[in-house]
Amino acid sequence: MKAKTIYLADYQPPAFLVDTVALHLQLDEKATRVRALLSLRQNPAAAGQTEKLVLDGQVEQLVSVQCNGKTLSDSEFEKDANTLTIFQVPAQCTVETECIINPRANESLEGLYVSGGNFCTQCEPEGFRRIAYHLDRPDVMSRYTTTIEADRDRCPVLLSNGNLVGQGDLEQNRHWAKWEDPFPKPSYLFALVAGDLVSNDGRFTTRSGREVAIRLFSSRQNADKCDHALECVQQSMRWDEERFGREYDLDLFMVVAVDDFNAGAMENKGLNIFNSKYVLARPETATDDDYEDIQAVIGHEYFHNWSGDRVTCRDWFQLSLKEGFTVFRDQCFTGDMTSQAVKRIRDVNMLRTYQFREDGGPLAHPVRPDSYEEINNFYTLTVYEKGAEVVRMVHTLLGAEAFRRGSDLYFERHDGQAVTIEDFLQAMEDASGQDLAQFRLWYSQAGTPRIEVREEYDPAAQTYALTLKQTCPPTPGQDHKEPFHIPFALGLLDGEGK
């Protein structure tokens with residue numbers, strides 16, 4: 001069956017908002033029991049209020065549904081393979097669902113699964129619905145409290161987002177831990193890790209004098225390969241304060257290295273989960289490139305704490321809002337830690353070798369596509385790497401000082417919100433006084449523009465004329481292209497090369 005096409009033009013605000021989420025997970029490899037208590041209210045920004053609540057969910061077994069403490073009968077809700085519909089809910093209410101899922105059988109590496117004997121989650125973009133029923137979309141931001149129960153021998157370490165606010169023992173050799181995240185986040189940033197792990201610990205003192213504990217978890221056999229990654233976390237924290245004025249906001253920052261992970265890493269709030277490749281290194285087996293890759297990915301996921309977590313994307317069409325901006329930030333970070341010139345050459349070579357090919361082929365798409373059938377196909381070089389180049393052009397057009405004012409305004413104006421690329425550009429315009437209306441075409445037009453350069457020098461008049469002409473070849477669905485706003489820098493040398 002052909003997948004349904006989703007269009008950016010069809011975006012509608014959610015009918016309900018979820019202020020808080022209280023999760024209780026009793027971990028078991030084949031039968032994890034999940035209770036999710038949602039505190040909901042109708043969204044005043046939604047057109048056409050409704051009493052019907054539709055939650056996303058792809059769980060194996062639904063045990064019960066309650067609304068305001070009352071267990072609902074089968075006639076009061078409807079469940080299919082992807083949703084749970086409650087026919088009538090008050091404008092403000094609590095909804096609690098209880099379900100049973102099978103992490104051992106989950107081979108998708110989305111939702112909650114077992115990796116190397118440990119429980120692990122991956123929820124971006126739509127994995128949370130495999131754990132519990134929820135409004136699983138990035139513009140629904142909630143404060144989460146998560147309680148985890150597990151066998152103490154099987155899972156001595158129990159982790160989730162935020163700060164640890166309680167822990168204790170239970171009967172039958174089980175124990176529990178309670179985590180509280182004080183910052184609102186979408187469900188795709190939820191994380192849980194439980195298992196037999198060891199940690200390398202460090203600390204960082206923020207510019208305001210707060211002490212942050214850093215814990216980097218791995219399997220026991222890999223504990224001696226984490227020193228470099230731990231140092232990279234500290235470097236990232238210091239750099240983000242100095243370059244972008246962004247201070248870390250929790251008491252604890254955690255990184256977990258797992259062998260089975262379907263991405264390089266994931267920026268879950270306060271609990272970053274990494275593929276082991278981007279954490280583990282020691283001099284006997286790792287190359288210089290391995291060390292630099294670890295530094296870049298550690299930095300990238302940490303920088304998401306602001307450009308992606310505190311301020312997130314309204315919908316998945318805005319993916320480059322967080323990824324393009326954060327790739328630009330991690331490129332600047334790596335350049336400052338190594339060599340800006342060498343880093344720039346590597347990034348441009350990768351762009352020309354791979355992203356230009358994507359831009360010139362049948363899969364060419366804008367940095368912000370206008371439709372999709374499968375959300376996981378959004379994670380492309382165009383969205384990430386070209387998106388970073390577009391942000392770099394904004395930096396070039398505005399200059400470093402005005403760009404910093406724009407990023408400060410963006411974070412202050414939209415902290416705790418799910419926003420759009422237009423919101424980012426508007427902050428840059430407001431902070432700089434520059435008009436970026438024509439520049440916005442970089443987000444809606446696909447393809448790589450070609451620049452024809454003609455230069456003339458008149459020795460008698462000592463005048464130099466430079467004429468530029470741009471064209472952009474047709475791409476799928478876009479035969480005609482409007483001119484791009486392209487910053488252009490030049491330098492003139494005299495006869496002595498000065």
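A residue counts as buried when its relative accessible area is under 20%. Keep that cut-off in mind for the helices below. The model is predicted.

Start with helix α3. Of its 19 residues, 17 are buried, so α3 is mostly covered under that cut-off.

| Helix | Residues | Number of residues | Expected span | Span in the model |
|---|---|---|---|---|
| α6 | 400-414 | 15 residues | 21 Å | 21 Å |

Now look along α6. Its buried residues include Ala402, Phe403, Tyr410 and Phe411. What covers the buried residues of α6? The cover includes helices α1, α3, α5 and α7, along with strands β22 and β24. After α6 comes Gly416, with a positive phi near 80 degrees.

**An open sheet**

Five strands line up in the order β17-β18-β19-β21-β20, and their pairing is mixed. The sheet is open. β17 and β20 stand at the edges with a single partner strand each, so one side of each has no neighbour in the sheet.

Inside the sheet, β19 and β21 run parallel and are joined by five bridges. Ala257 stands opposite Phe274 of β21.

Helices lie across these strands too. α2 lies across β19, β20 and β21, at about 150 degrees to β21.

Note on methods. Residues are numbered from 1 along each chain as its sequence is written. This is a predicted model: local features need pLDDT of at least 70, side-chain atom pairs count only at pLDDT 80 or more; totals for chains, interfaces and linings use all residues. Side-chain values use heavy atoms; hydrogens and water are left out. Buried means under 20% relative accessible area, exposed over 50%, partly exposed in between (1.4 Å probe, protein chains only). Helices (H or I, at least four residues) and strands (E, at least two) are DSSP runs, numbered from the N terminus. The expected span of a helix is 1.5 Å times one less than its number of residues. Contact means heavy atoms within 4.5 Å. Two strands pair if DSSP finds at least two bridges between them. Axes are lines fitted to C-alpha atoms, for helices over the stretch in contact, and angles run from 0 to 180 degrees between N-to-C directions.
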